[in-house]
Amino acid sequence: LQAVKDVAVRFIRGEGGLPGRPQDQVGLIGLAGVPRLEVPPTLDHEFLLARLEETAADEGVDGTAVGDALGLAVAHLVEARPADE
């Protein structure tokens, strides 16, 4: 989990040779039994990164269907899309 967090921080902020996502809305989906929206797509990357840092592995959970998590993410991306698109 910590390795994923580290890569996400570098991806969002633009560290370690990555360009960063300063103009992109980024959200956070938690995977634990069932997917759950932790942070909706936002430009407030510092808030998102703070929530990411607080994220912990849930003990004793059987996992999440990745397809369900992707479906939840897509649904929230559609909602976050600018009205002019």
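Q: Which residues does Leu49 touch, not counting residues up to four places away in sequence?
A: A touch, or contact, means heavy atoms within 4.5 Å. With its neighbours up to four places away in sequence set aside, Leu49 touches Val9, Ile12 and Arg13.

Q: How is this model scored, and what pLDDT does the chain average?
A: This is a predicted model: local features need pLDDT of at least 70, side-chain atom pairs count only at pLDDT 80 or more, and totals for chains, interfaces and linings use all residues. pLDDT is the predictor's confidence in each residue, from 0 to 100. Here 93% of the residues score at least 70, and the chain averages 87.

Q: In what order do the elements of the chain run from the N terminus on?
A: Helices (H or I, at least four residues) and strands (E, at least two) are DSSP runs, numbered from the N terminus. The chain has 3 helices and 2 strands. Starting at the N terminus, the order is α-β-β-α-α.

Q: Is Leu49 buried or exposed?
A: Buried means under 20% relative accessible area, exposed means over 50%, and partly exposed is in between (1.4 Å probe, protein chains only). Leu49 is part of helix 2. With 7% relative accessibility, Leu49 therefore counts as buried.

Q: Which residues make up the largest nonpolar core?
A: A nonpolar core is a set of buried Ala, Val, Leu, Ile, Met, Phe, Trp, Tyr and Cys residues joined through side-chain atoms within 4.5 Å. In soluble globular proteins, nonpolar side chains tend to be buried together. The largest core here has 7 residues: Ile12, Val26, Leu28, Val39, Leu48, Leu49 and Leu52.

Q: Which element gives the most to this core?
A: Two elements give two or more residues to the largest nonpolar core: strand 1 (26-32) and helix 2 (45-54). With 3 residues, the top giver is helix 2.

Q: How are helix 1 and helix 2 oriented to each other?
A: Two packed helices are described by the angle between their axes and the distance between the axes. Axes are lines fitted to C-alpha atoms, for helices over the stretch in contact, and angles run from 0 to 180 degrees between N-to-C directions; under 35 degrees counts as roughly parallel, over 145 as roughly antiparallel, 65 to 115 as roughly perpendicular, and the rest as oblique. The axes of helix 1 (residues 2-13) and helix 2 come within 11 Å and cross at roughly 175°. Helix 1 and helix 2 are therefore roughly antiparallel.

Q: How many charged residues does the contact of helix 1 with helix 2 have?
A: Helix 1 brings Lys5, Ala8, Val9, Ile12 and Arg13, and helix 2 brings His45, Glu46, Leu48, Leu49, Leu52 and Glu53. Ala, Val, Leu, Ile, Met, Phe, Trp, Tyr, Cys and Pro count as nonpolar, Asp, Glu, Lys and Arg as charged, and the others, Gly among them, as polar. The contact has 6 nonpolar residues and 1 polar one, and its number of charged residues is 4.

Q: Which residues is His45 in contact with, leaving aside its neighbours within four places in sequence?
A: His45 lies in helix 2 and is buried, at a relative accessible area of 11%. Ile12 has His45 among its own contacts. For His45, the partners are Ile12, Arg21, Pro22, Asp24 and Val26.

Q: How far apart in space are Pro40 and Gly27, C-alpha to C-alpha?
A: Pro40 sits in strand 2 (residues 34-42) and is partly exposed, with a relative accessible area of 42%. Beyond four places in sequence, Pro40 contacts Val26 and Gly27. Pro40 and Gly27 are 13 residues apart in sequence, and their C-alpha separation is 4.8 Å.

Q: Is Ala57 buried or exposed?
A: Ala57 lies in the loop between helix 2 and helix 3. Since its relative accessibility is 55%, Ala57 counts as exposed.

Notes
Residues are numbered from 1 along each chain as its sequence is written. Side-chain values use heavy atoms; hydrogens and water are left out.
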